[in-house]
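Please look through the sequence and the structure below before reading on.

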Amino acid sequence: MTRRRTVAAAAILAGALALTACGTNRQEAPGTGAGGASCDTSKGTLVIGMVAPLSGGLSALGLGMRNSADLAVKQANESCAVPGYQLVFQAEDDQATPQVAGQAATKLASDDNVVGVVGTLNSSTAQTVQPILAGKSIVQVSPANTGPSLTRGEDPTGAPKRQFESYFRVSTTDLVQGPFAANYLVQKAGKKNIAVIDDGKTYGVGLANEFAKQAEKLGANIVARERVGEKDTDFNPVITKIRPLNPDAVYYGGEYPVAGPLSRQLAGQGLDIPLMGGDGIVDAKFVELGGREGDLATNVGAPTESLPSAAKFVADYKAANYPEPYSAYGAFAYDSTNVIIQALKTALAGGDYNPETTRPAIVKAVQDIKLDGAGGPISFDEYGDTTNKLLTVYTVKNGEFTPIETGTFEG
Amino acid sequence: MTATTEKKPPAHAAPRPKGIAALKPHTTTLMVVGGVLTLLGSFLPWATFVLNKGPYPAQATLQNFTAPLASSGFRLHLVLFGIAAIVVALVKRIPARHRIARALGYGTIAVSVINGLWITVEGGGLGAITASEGSVAFGAIVALIGGIVLALASRVGDLEPVPEIGWKFNRWVEWLILLVVIVLLLLLVAAVLTSGGFGATATYAGAVFLSFLAALGGFLGALHAAGLLGWVNALFDRHRGYAVILLLVAALCLPLTSAGTEYWMTVATNIGVYAATAIGLNIVVGLAGLLDLGYVAFLGIGAFVAANLSGAAASAVGIHLPFPLVMVIAAVIAGIFGAIVGSPTLRVRGDYLAIVTLAFGEIFVRSAQNNIGGLTGGSNAIPGIPPVEAFGIGFDQALRIGPVSLPRGVLYYFLIVLLVAFVMAVFANLKYSRLGRAWIAIREDEDAARAMGIRTGPVKILAFLIGAMLAGLAGAIFAHKTATVSYESFRFLESVTLLAAVVLGGMGTIPGAVLGASILFILPEKLREFADYRLLLFGIALVLIMRYRPQGLVPDAHRRAELVEEPEPIDTGGDKPTTREAVAP
Amino acid sequence: MSILMSQIVNGLILGSLIGLIALGYTMVYGIIQLINFAHGEVFMVGAYGAVGTATFVLPTAVTTQWWFLLPIMIVIGALVSMVVAILMERFAYRPLRNAPRLAPLITALGVSVALQEAVRVFYPEATAAIPFPSIFIPGALVLPIGDGVPIQYSGILIVVVALVLAFALNTFVEQTRLGRAMRATAQDRDVARLMGINPDRVIVLTFALGGALAGVAGVLYGNFYNFINIDMGFQNGIFAFTAAVLGGIGNIRGAVVGGLAIGLIKSLAGQYLPGGGAYDYVWIFVVLIAVLVFRPQGFFGETERVRA
């Protein structure tokens, strides 16, 4: 009895082994990895890091950044962009909290092979990461930070002062985007009674403040200044509060997870007025979550269709089959990574990598860089901010963000 | 195919259900067979081809018969296990042979399963560890069978009780032995931390780390089975003061080992911050039995106090006080809040108290998020907190003493080690004090404690107050070390993590909280492959611990922990009398 | 005036929803004195189960008719939540039935984290909020008071369903055999066993009922806000627990009244108290602490239940 069962078990086991024995994912040229056999990678491996939220509420944005940067690194390896070296991409999760971001940055900074870091997403995490990377002269290029003080110090308009030589960003600051939105909403759209709502986060508050300042300068009336929580779901009390004040538009400083439902609940309470926001709401999810026809948003750079490089990024991203969409900051993360790769190439010209000398050279090369990215032309001013002050106003039309007008903010 | 040749060994496992007793005379043979198979497995190739992500570590694609001494990594561990098994099998004088064989067998099984599975998954199928395109690699399977045979042999044979070794030496010899043990421990900790390398270039760090842990587990299990661990434990108890000082020195020496990099110093400092906080929580939960679900708020209060008194440009207060003073102020303010949060304990008990503390925690987070009184920076956080300075040295600098150069962050590490040592000392003293006995009495039965004349109200508030002060101290260091303090670091999940650290380590014990905090921080660092599942596994682990080992990894030996059902083991007549007799109803 | 009325309407809608969730808390606590911390996640899972079925399983022809889709989704949401609640009881809580009191509470925390993460990891794109289809009459009824007081139809649905279900549950517990068994078990499990009641079955029934109500609440929530996210369970769960305590834990009418009170506190505090909407949560927690400290038996609780 027992014996028979044992024999049966052994037979089944043997059969299973035999069936699966040949299954492997062996590739033709093992060992060379993603670099392909054609590139010379004899000098070793260099690392491009990332610090972004890969888990938690903002992970949709963070994962898009990760995939886009990964795409840039892969493409660089395929095209042998940095002769002699293989590039490796290392994404660290900051869980959108400064403390974890600091730990992630330290992890990257203590690796001598790290040549640059893309990130962070949040301005609050950037504040922690900046000094750690700067201490090792590692260049940091952020695709998403908008807090003006990150580059210009405590008094960004009165007495701007560069904070870290090694910090750059390809996104514009709240100083540009907020007023640009105000110009459109007040002057072009003719809205005079505007309710301003923010989510209490660095990005949202900064944007809303700059918007309100400029709107008041242009003669508009800010009828309400309200705050909602980034994790709130029920905005009816806030809407009830602003409803009797008869606003003809709502400006929201924050990201799409709140903006979409907020827009919908506005309509639900009978307030059929447009909601306007910044680059944080320009995502297909905004409409899915309740964004309405006629809602407005500003985004950095020219519309995707008008830039061939952006169209190429979108096509390549699609071809690479990443599970997550590239989201709001994907194109900029891609550009940030390419900035680092390009600068690395310049800094290495002819020589070998040496953390002591190459890293400062990379920082210098980034400062002088000129590049046509997916989000527009890239170069940096004396504070490390992008010189690309081109912005576009979008509106939701037929369920999609459609560009209305592109321009620059002239103060 | 080739697989059939290897099908024989399971036949040994065949008679397990009924015929297991028939093998009894042959346990020695079985053990030898198991050892030989383990050795054989370690010399065979493990992977049939060089995996796409790069070669698997320990030269897994080669066979080491030609160069037996070239074994490294997990294969070296298996070689050692195999030899040890054979030695144990043949030398009959070794006590508890079967118990040792069992530990070795389990270790072998774990190592071969971890590495075999990893290669299988990375290699896209069982072909990666069996046979594929003309190359064979049965290392994993042979070693696994070896491990199973070893475990089987121990099951067949009688499991002896763990022997008690009564060796006693001259005091100096014993001190020397302790010194050696602690140095080994230090090297072991460093080896665990650095195993598998780190960074994007270390592809298989997770596997190497897990395999190393498994091997270590098997090794320690064997030592325990041989009675050696118990003996070392007894040595510790005999020379407690000396051993504690040695441990402290060893902790301070960690930067001199291979783990002495800036990265590990940062991780270790973070662990220290949470360990110190968890010990504070252990007073409240482990000793006094008052569940606090908002405890991380006290760490936050300490951190925000320190941030505001640090002279950081972004702080509203904007004064700069010397750091020792800041620590005291942070502790006092956190303590005051602790007393406030604890005051409902006068009227609320049990689950309701847990909810009250949770509510306080949420109020703290929400207020900090709204930048209450301009003190917390709200969503902007308080960035740019300057490093602690002493004797003209910024604590964030690297250190060079003569020929020894220490990495950045090492001074914070020293600071936090001293803090943890201090907190442990406070905890140990309290636990065995009159106050500590009162807490435990309240934990066991509050009404009975009151009946015995303990003024439960003030005593419970004291637990909150002292726990909060310790967390406040940790918070002050935390603020300077991370240089940014944001409300996001003090959310509910962090409170749950702290609680998990205490529960995992063992409620009411001194090393428990440190061990728990270390595990909860090191595992995610090492197992980046599972990063997405981190919290899922964390939640499941919490459920499993509560069900299967509620007393934690280091159970409280002298007193019945809050969560254990079985009656307290008879007190071993230790030096400290328990209060339970006094308060038992 | 219209502001006050509107805020009261907002409060009543949110409050009914919270009351519906609170019923699960209150029943489970009434029977086994466990704060089922994971109950909020049961509510969340119900919403995800319903929307998942509507998105991936049901044919589109069905999903365009709200009068057909609404009952289907409510039933599916209730079923999914019920199954999760039963599994939770069976595998997490039952083994700890006689364990000391901290064990089940810590287990509940673990279950809560695990459920939330399981949805995040395994449900497609659940890392961020996902849209929830509108499955009821869109738009709002505007009462002609002052500037007009809009009441959304989906909000009316919430209030009506919550009240009907609470009434039905109350009748069930008060007047049926099973309800009597539940009350008996709540009073004394051992004596109930002597009376021929199987406490394990009664406890499962309690979890199942509470779970089903939470699932219904999840679907109504999704329909009202038109999006759901994995955090919704934690937040609303805490509100619901507060509501259950406020109304007197173990008391069905109390849970509903407590829920309405919480909803009103949130909307009125956001309007009239200093700090505005940013501090409305804080006020809820202040109320919670005050109630626990000064009147732990709540509005309707008969005696203070102190657990040793």
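Predicted model: local features only at pLDDT ≥ 70, side-chain atom pairs only at ≥ 80, totals over all residues.

## Overall form of chain C

Along its principal axes, the C-alpha trace of chain C extends over about 60 × 50 × 35 Å.

The secondary structure of chain C consists of 12 helices and four strands. Of the 308 residues in chain C, 60% are buried. When contacts in chain C between residues at least 6 apart in sequence are considered, 76% of them link residues at least 24 apart.

## Where chain C meets chain B

The contact between these chains draws 34 residues from chain C and 35 residues from chain B. On the chain C side, helix H5 (102–122) and helix H12 (280–294) each provide at least two of the residues that touch chain B, and H5(C) gives the most, with 13 residues. Sorted by class, this side of chain C holds 28 nonpolar, three polar and three charged residues.

## The domains of chain A

For chain A, the domain assignment gives domain 1 (40–172 + 305–388) and domain 2 (175–303 + 392–408). The centres of domain 1 of chain A and domain 2 of chain A, taken over C-alpha atoms, are separated by 29 Å.

Where these domains touch, domain 1 of chain A contributes 18 residues and domain 2 of chain A contributes 15 residues. The side belonging to domain 1 of chain A is made up of four nonpolar, 13 polar and one charged residues.

How values were computed:
Residues numbered from 1 in each chain as written. Chains lettered and ligands numbered in written order. Contact = placed C-beta atoms within 7 Å. Nonpolar A, V, L, I, M, F, W, Y, C, P; charged D, E, K, R; others polar. Buried ≥ 20, exposed ≤ 12 C-beta atoms within 10 Å, placed from the backbone. Domains from an automatic or database assignment.
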